[in-house]
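Dear colleague,

Here is the structure I said I would pass on, with the sequence alongside. My notes on what I found follow below.

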Amino acid sequence: MTEIMRFREEVREWLQAACPVSMRAPMVDERDDVWGGRRGAFASPDQRVWLERMAERGWTAPTWPTQYGGGGLDAARAAVLEEELKRLGCRPALKSLGVWMLGPALLAFGSEEQKREHLPKMARGEIRWCQGYSEPGAGSDLANVQTRAVLDGDEYVVDGQKVWTSHAHVADWIFCLVRTDPSAKKHEGISFLLIDMTSSGVRVKPIKLISGASPFCETFFEGVRVPAKNLVGRPNGGWTVAKAVLEHERALISRMRDARASEDEPLGSMAARYVGREGSGIADPVLRDRIAQADIDALALKLTLRRSAESVEAGRGPGPETSTFKLCATELSKRRLEIAVAIKGFQALGWSGDGYAADEIATTRAWLRSRASSIEGGSSEIQLNIIAKRVLGLPD
Amino acid sequence: MSFVLTEDQESIRRSAKKLVEERAPIAQLRALRDTNDPLGYSRDLWKQMAELGFAGMTLPETYGGAGLGLTELGLVLEECGRRLVAGPLFASLLLGGGAIDLAGSESQKEHWLPRIARGEAIVALAHEEGRRHSLYEVAAHAAPVGDGWAISGEKTMVVDGHVADAIVVVARTSSGGRDGLTLFLVPRDAHGLDVQRRATIDSRNIAFVRLGGVHAASDSVVGIVGRGADVLDRVLDRATIGLSAEMLGGMQEAFEQTIAYLKVRNQFGVPIGSFQALKHRAAQLFCEIELVRSLVAAALRAADAGSDDVALLASAAKARASDVFVHVANEAVQMHGGIGVTDELDIGLFLKRARVTEMMLGAAAHHRDRFARLSGY
């Protein structure tokens, strides 16, 4: 038996014993998500047990070094762990912007002290992080951030406003892009700063979206004092760190869309339920053609993700196709929800209350929420700019 | 079954690329067109392809083939697509030869397959009749006479029909839709067989075939009488996937030529590729082509693995390739501006090939309909 096979057996055995049965049931709604943090509550005791057991082994951040709370697994073992988790139907023990986005950047750019201080708490789900990138005047033009950080002794004094900070109202810390040199060219005067949300002068205001949810906030900074040691990378070198984080974010958004789409009811059977069948096919031929188009595109995207992953596994690195993922995944997910609304017809127009089934309201809310997916994390237009420049080499 | 090419596959791609680049410039297609060449393809190139083992690539080694998969042939067809090669490879190996390989009798195989593999014989498939691809709507009929059959009817869009040594003809032997179809192997010199070459926009070799009571001996049936549709489905799935690979090469080349042009063509004192209106459209095309590439690769591999979803993937690939090739070609002409609509520039030839391949073996809507049916809706 190879070492990898032994590892797989060990993982399987451990998961069987460690993962509570209720943590193997399909997730129903957002209460099943565990985000951790000082203000995070567990919806069930099993959620806590599952997180503690996974964190104990470092498997909430499988590839991080063990001294930072990770599992110390190589890529092959991490893949085995992921496969075994999926095989058993285990829910994610922890969802975390810290682990997914900030952690990899800290490992690459952070000081030893920063890694020791922040990574283990992320991996254990003790501290929940949010992302302070966009500002009212810095959306697609992200490098235009105006939030100022001025060095005063061994502290930075931060003044300004961030917007679209996901879950800032429940987060403990925020990683921010701040302007430390207003006289430099815009990409060269930015620093990457970690700020404790409990600091005096930090104020958070949730934004209500068209979907009715408030996953985003405005975050205000007024004379917030931040220890200078919380600056990641070198002063005015924050753009490099920011880009590394953004790449993780885009990969994440496309993966999440992919995962969600696969959980949804297939459009074909949804249409058969709502518009009926004629012979063996859906009664509405135009709708049927749109569904087939969307299904073919979903299949193509899934295969493209696999093609890219195989290329990486074979040591050939990701191909140029990876830069299409965020764009294709979000545009497709929007299209699928447009079709779902068309299928459900009048029943997709309900906001709440009597007359609308839970899945109908869920479809409608998901459709409204999906409008943001091609704007957040770099809009579709920005993705097209990136492809034109980096892949096709078209001139500025 | 991996998307990553093996070393052998890489080497096949390289030799196909080299051959096509050296021996099949697009100027060759123009010359064949402008001189009204009676064959319509380059004998020299075809001979080279046969020598490299391409002509019989997917045929079993026992019949002189290379015994390779559709994945390998797909690499060759993709390179052919880049230079708009109009040789008999696709039709002879995947259509006519494909039918014989899948369902032919031992003596049919022994006679035809080694000749096909050596590039000495071309076998076409005559299956289309109407204005668009519709596989089971067959009016051509075969009536039993004496020790064989008398076939009458008309066939259109017969690829390489005018240079074929034999044609596999689909005819109705009893009423019904999908049922009642039979495949007959008809030699080119059969009495009552009239083959007329058609001049199509893309200079691909297409023929119209009329059968006036052509006599076919009973041993000319390919497969089982009345069960031809089972064979046709499988043959056309493979051919559809191969054609999609060829289309992928064509769209990739048209796209690359257009990107190169956007970088060198100056207007208003700057390269037109610096305009966002064009950049975004170019980036969209890039995404579309990458999606097609994945579908084609998956379909080729599914065919080789004999998996259950071959038909589904064949239709997904052809639906997407049809739409994207036409879209890429239209955009390529538009982005080239005035020069794009001249015969002098090659880009218009891609536009023409895109339209022909789009409709061949079923356009996008046909394959989406089939995809939906196979998916249960």
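**Notes on the predicted model**

Chain A contains 11 helices and 10 strands. Its radius of gyration is 23 Å, close to the 21 Å that the globule rule gives for 396 residues, so chain A is as compact as a globular protein of that length. Please keep in mind that this is a predicted model. Along the principal axes, the C-alpha atoms of chain A fill a box of roughly 80 × 55 × 50 Å. Of its 396 residues, 40% count as buried. If you take the contacts in chain A between residues at least 6 apart in sequence, 69% join residues at least 24 apart.

Next, the domains of chain B. Chain B is divided into domain 1 (7–121), domain 2 (124–226) and domain 3 (230–374). Between domain 1 and domain 2 of chain B, the C-alpha centres are 22 Å apart. Where these two domains meet, 21 residues of domain 1 of chain B are in contact with 18 residues of domain 2 of chain B. On the domain 1 side, helix 2 (26–34), helix 5 (89–103) and helix 6 (106–117) of chain B each supply at least two of the residues that touch domain 2 of chain B. Helix 5 of chain B gives the most to that side, with 8 residues. By class, the domain 1 side has 14 nonpolar, 6 polar and 1 charged residues.

Within helix 3 (residues 43–51) of chain B, the residues B:Leu45, B:Trp46 and B:Met49 are buried. They cover an arc of only 100 degrees around the axis, which puts them on the same side of helix 3 of chain B. The face turned away from that buried side carries the exposed residues B:Arg43, B:Asp44 and B:Glu51. Helix 1 (7–23) and helix 5 of chain B are included in what covers the buried residues of helix 3 of chain B. Just after helix 3 of chain B comes B:Gly53, with a positive phi of about 85 degrees.

Now the contact between the chains. In the model, 33 residues of chain B are in contact with 40 residues of chain A. Helix 7 (228–264), helix 8 (276–305), helix 9 (310–336) and helix 11 (364–374) of chain B each supply at least two residues of the chain B side. Helix 8 of chain B accounts for the largest share of that side, 13 residues. Sorted by class, the side of chain B that touches chain A has 19 nonpolar, 8 polar and 6 charged residues.

In soluble globular proteins, nonpolar side chains tend to be buried together. The largest nonpolar core here has 164 residues, and B:Ala124, B:Val169, B:Phe184, B:Leu295 and B:Ala299 touch the most other members. Helix 7 of chain B gives the most to this core, with 17 residues. Another core, of 63 residues, lies apart from it; among its members are A:Leu85, A:Leu119, A:Val158 and A:Ala242.

Leaving aside neighbours within four places in sequence, B:Phe184 is in contact with B:Ala142, B:Trp149, B:Ile151, B:Val169, B:Ala171, B:Ala216, B:Ser220, B:Val221 and B:Val222.

Regards

Key. Residues are numbered from 1 along each chain as its sequence is written. Chains are lettered from A and ligands numbered from 1 in the order in which they are written. This is a predicted model: local features need pLDDT of at least 70, side-chain atom pairs count only at pLDDT 80 or more; totals for chains, interfaces and linings use all residues. Two residues are in contact if their C-beta atoms, placed from the backbone, lie within 7 Å. Helices (H or I, at least four residues) and strands (E, at least two) are DSSP runs, numbered from the N terminus. Ala, Val, Leu, Ile, Met, Phe, Trp, Tyr, Cys and Pro count as nonpolar, Asp, Glu, Lys and Arg as charged, and the others, Gly among them, as polar. A nonpolar core is a set of buried Ala, Val, Leu, Ile, Met, Phe, Trp, Tyr and Cys residues joined through C-beta atoms within 7 Å. A residue is buried if 20 or more other C-beta atoms lie within 10 Å of its own, exposed if 12 or fewer, and partly exposed in between; C-beta atoms are placed from the backbone. Domain bounds come from an automatic or database domain assignment. The radius of gyration is taken over C-alpha atoms; the globule rule is 2.2 Å times the number of residues to the power 0.38. The arc is that of the directions from the helix axis to the C-beta atoms.
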